[in-house]
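Colleague: I would like to go through this structure with you, step by step. Shall we start?

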Amino acid sequence: MSRTALVGNITAMLEDAGFLVSERCSVRPKSFDLAARRGEDLVLLKILGNIDALTGETGAEMRRLGDYLSATPIVIGLRTRNEDLEPGVVYFRHGVPVFNPDTAYDLFIEEVPPLIYAAPGGLYVSIDGDLLADEREERGWSLGRLATELGVSRRTVSKYEDGMNASIEVAIQLEELFNEPFSNPVSVFEGAEDVRDADPIPEGPAVDPDDEQVLSTLTNAGFDVHPTNRSPFKAISEDSGGRERAVLTGHSPFTPSAEKRARLMSSIGRVTETRSIYFTTDTVKRESVDGTAIVSCEELASIDDPDRIRERAAEPEA
């Protein structure tokens with residue numbers, strides 16, 4: 001299946017599941033292909049045939065964007081270099097949860113989250129330690145008795161009850177012994193933080209010198225500015241006072257490519273519930289492009305009232 005067809009299939013799946021889905025990010029560089037929202041669940045999706053194509057730089061940017069936008073970064077793919085992705089299993093690349101389209105269908109359409117995740121050494125599940133301890137004690141088994149049944153040490157059983165995750169083989173043994181499932185679902189919409197390594201979110205990129213004046217002006221106006229380097233926008237600007245929605249920010253001459261980016265920023269903004277503003281290095285006789293405000297750098301330089309910048313960043317009429 002071509003990547004274009006795969007993106008189309010995932011888009012249709014999300015819409016069938018009741019998600020509002022953005023236009024596909026068709027400009028480069030791009031850290032994600034789609035933004036999608038259903039209720040409080042906002043996801044940024046990268047869709048790949050081979051998930052090994054996800055670079056560390058892109059994974060880092062996806063995680064940063066997830067943090068800035070209160071979104072979950074997710075990669076949906078078909079295979080690695082060596083094997084197909086197993087259905088019902090969450091993998092990880094550069095701290096981002098990854099799974100195949102079948103798992104995506106179960107999660108988004110059926111609303112059945114996966115139970116299994118891949119980590120060095122094999123496949124694992126998150127064990128409900130409290131339930132396991134209750135069932136063991138109700139049966140009158142000691143830690144040693146359960147350890148013998150499982151073929152592990154007493155210390156290992158104690159760790160399971162304290163919350164240590166178990167191999168899928170052990171999870172199956174426990175279910176057979178007690179006729180009771182002990183596996184917790186993988187909380188994909190929270191980034192699967194309960195099972196992945198808690199790596200800190202990487203620091204953001206340095207400001208592009210060409211954007212420094214614009215972003216500095218926004219900072220002086222009371223915005224916390226987060227530069228990006230692999231997104232269809234140059235930065236995400238958050239009102240440090242918490243009074244307004246975040247703003248997706250672009251900056252360049254107003255070329256056909258810039259107009260395309262401005263339209264895409266509007267589409268993403270409708271999904272992420274952000275505003276968008278594009279600063280142009282030339283004068284343009286347009287107030288907006290499909291909801292993205294168009295402001296010349298000359299106009300920006302003449303604005304000395306921070307509230308006026310906020311007003312121009314407010315979503316204009318399309």
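Colleague: Which strands does helix H8 lie across, and at what angle does it run to S11?

Modeller: This is a predicted model. Helix H8 spans residues 212–220. It lies across S11, S12, S13 and S14. Its direction relative to S11 is about 150 degrees.

Colleague: Which strands does helix H9 touch, and what angle does it make with S14?

Modeller: Helix H9, residues 256–272, also packs on the sheet. It touches S13, S14, S15 and S16. With the direction of S14 it makes about 165 degrees.

Colleague: Which strands stand at the edges of the sheet?

Modeller: Six strands form an open sheet, in the order S11-S12-S13-S14-S16-S15. An edge strand has a single partner, so one side of it is left without a neighbour in the sheet. The edge strands are S11 and S15.

Colleague: In which sense do S13 and S14 pair, and what is the bridge partner of Val247?

Modeller: Pairing in the sheet is mixed. S13 and S14 pair over six bridges, in the parallel sense. In S14, the bridge partner of Val247 is Arg275.

Colleague: Which residue caps the N-terminal end of H4?

Modeller: Look at the backbone nitrogen of Asp130. A side-chain oxygen lies 3.4 Å from it. That oxygen belongs to Asp128.

Note on methods: Residues numbered from 1 in each chain as written. Predicted model: local features only at pLDDT ≥ 70, side-chain atom pairs only at ≥ 80, totals over all residues. Heavy atoms only, no water. Pairing = 2+ DSSP bridges. Helix = DSSP H or I, 4+ residues; strand = E, 2+ residues; numbered from the N terminus. Contact = heavy atoms within 4.5 Å. Axes fitted to C-alpha atoms, helices over the stretch in contact; angles between N-to-C directions. Polar contact = N/O pair within 3.5 Å; in protein donor to acceptor, adjacent residues only side chain to side chain.
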